[in-house]
Amino acid sequence: MAKYRVAWLPGDGVGPDVLAAARVVLDRIGLDAEYLPGDVGWEFWRREGDALPARTIELLGNTDCALFGAVTSKTKSAAEEELDPRLQGKGFSYRSPLVRVRQLLDLFVCLRPCKAFPGNPLNYRDDTDLVVFRENTEDLYAGIEFNGVPEEMKLLPGMDRVPPDAAISLKINTRGGSKRIARAAFEYARKHGRRRVTCVHKANVVRVSDGLFLDTVHQVAHEYPDIAFDNAAVDAMCMSMIRHPQNYDVIVAPNLYGDIVSDLATQLVGGLGFGCTGNIGKHYALFEPSHGSAPKYAGQNKANPIAAILAVRMMLEWLGETDKAARLEAAVADTIHEGQVRTHDMGGSATTQEMTQAIVARL
Ligand code: IPM
Ligand code: MG
């Protein structure tokens, strides 16, 4: 029996291309694991009306962690147009499988390390090294939305000012949810010798829900006197991260602002080919490259595999395989630093497989 059971979810678009690269790396590094394939993605939405079939959720329940490639997600109306005609009008509604997995398995931490590898021609600066802790289950991602004002809501204070043609999405932050993401960020800072945690919010306008988030993170900060704490409104934060990215260390944010600032931060260190994500709960985690499925590059051996390979690095670390994780990170860093092999996004012409081989050769 293998030591670990890993759910293997390539998805669609370039997902299978970059997970193939991840697999080459895992085999070379010799992780004692069994990889169990699972169905997820656009094909399953079209054919079954569910991009995340129940059998896949069951598979996640029977594994230690998961590696995920990418899936295509579209706006509601575009998705419904593509649904198998036999299923149409039967009440299926497209929701991102990724968002569902995060909520179903309570993977409340979305961890996004954004570290510049020296020699990457796409770096904004070579000394950016920050980590985003995005809350991964609450906020506007709660999925509680209404077209029009529900009768039951009409009696609430202020609702008389809302016109009947309103579309309403509820932003839900809880004290408990804010506390656990704050703790995760401060614990990480302590463990990794980071000096500062910055809380992102818009509490000057969204006073109640963002106010609660900021207030809770601030309270948690008192438990960590060894770590500096500050906060910034999300708009000012975006300017400041571009101006002085080297000043940031650990960033903690509610779901939507975290989604946005983590993309910004990823671009500072090379963009789509370099962003990886750990969706981490108490007992389970799902790792993925942060990029999307880029359907037009599917199967073309063109996508930069580094993001998926860095997701493997995070997975190794989470499993406690820290030596293997460090070796892999060094192999990626050396390959980038040497600069002989560059994928299209890096201004070169190396294929997915060539980049993967270059990294594997240094392992
Ligand atoms: C991300 C993505 C997802 C999100 C999408 C694909 C639903 O942007 O992982 O950041 O909004 O969380
Ligand atoms: Mg995003």
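What is the volume of the largest pocket? In this predicted model, the largest pocket has a volume of about 1100 Å³. The legends below describe this pocket and other close-up views.

**Figure 1. Lining of the largest pocket.** The lining comprises 40 residues, and those nearest the pocket centre are S73, R95, S96, V99 and Y141. At least two lining residues come from each of strand 3 (65–70), helix 5 (97–104), strand 6 (145–147), strand 7 (167–169), helix 9 (255–268) and strand 12 (285–289). Helix 9 provides the largest share, four residues. By class, 17 residues of this lining are polar, 13 nonpolar and ten charged.

**Figure 2. The second largest pocket, with a volume of about 860 Å³.** L111, F133, Y188, H192 and I280 lie closest to its centre, among 33 lining residues. Helix 6 (175–191) is one of the elements that supply at least two residues each, as are strand 4 (109–115), strand 5 (129–135), strand 11 (276–280), helix 10 (306–318) and helix 11. The largest share, six residues, belongs to helix 6. The lining of the second largest pocket contains 19 nonpolar, eleven charged and three polar residues. Domain 1 (1–113 + 273–363) and domain 2 (124–134 + 173–268) each contribute at least three residues to this lining.

**Figure 3. Salt bridge between D235 and K202.** The side chains of D235 and K202 pair at 3.0 Å, N to O. D235 is partly exposed at 43% relative accessibility, while K202 is buried at 18%.

**Figure 4. Further salt bridges, from a total of 28 in the whole structure.** In the pair D84 and R86, the closest N and O atoms are 2.4 Å apart. D84 is buried, with a relative accessible area of 10%, whereas R86 is exposed at 65%. E151 and K154 form a salt bridge at 2.8 Å, N to O; E151 is exposed, with a relative accessible area of 57%, and K154 is partly exposed at 42%. A network of salt bridges links K115, R313, E317 and E329.

**Figure 5. Surroundings of H344.** H344 is located in the loop between helix 11 (322–338) and helix 12 (352–360). Its relative accessible area of 37% makes H344 partly exposed. Leaving aside residues up to four places away in sequence, H344 touches K302, S349 and A350. A distance of 32 Å separates the C-alpha atoms of H344 and Y94, which are 250 residues apart along the chain.

Notes: Residues are numbered from 1 along each chain as its sequence is written. Chains are lettered from A and ligands numbered from 1 in the order in which they are written. This is a predicted model: local features need pLDDT of at least 70, side-chain atom pairs count only at pLDDT 80 or more; totals for chains, interfaces and linings use all residues. Side-chain values use heavy atoms; hydrogens and water are left out. Buried means under 20% relative accessible area, exposed over 50%, partly exposed in between (1.4 Å probe, protein chains only). Contact means heavy atoms within 4.5 Å. On a 1 Å grid over the protein atoms alone, a cavity is a set of points where a 1.4 Å probe fits but cannot get out, and a pocket is an open set with protein on both sides within 12 Å along at least five of seven lines; lining residues have an atom within 4 Å of a point. Grid points are joined across faces, edges and corners, and a volume is the space filled by probe spheres set on the points. Ala, Val, Leu, Ile, Met, Phe, Trp, Tyr, Cys and Pro count as nonpolar, Asp, Glu, Lys and Arg as charged, and the others, Gly among them, as polar. Domain bounds come from an automatic or database domain assignment. A salt bridge is a side-chain nitrogen of Lys or Arg within 4 Å of a carboxyl oxygen of Asp or Glu.
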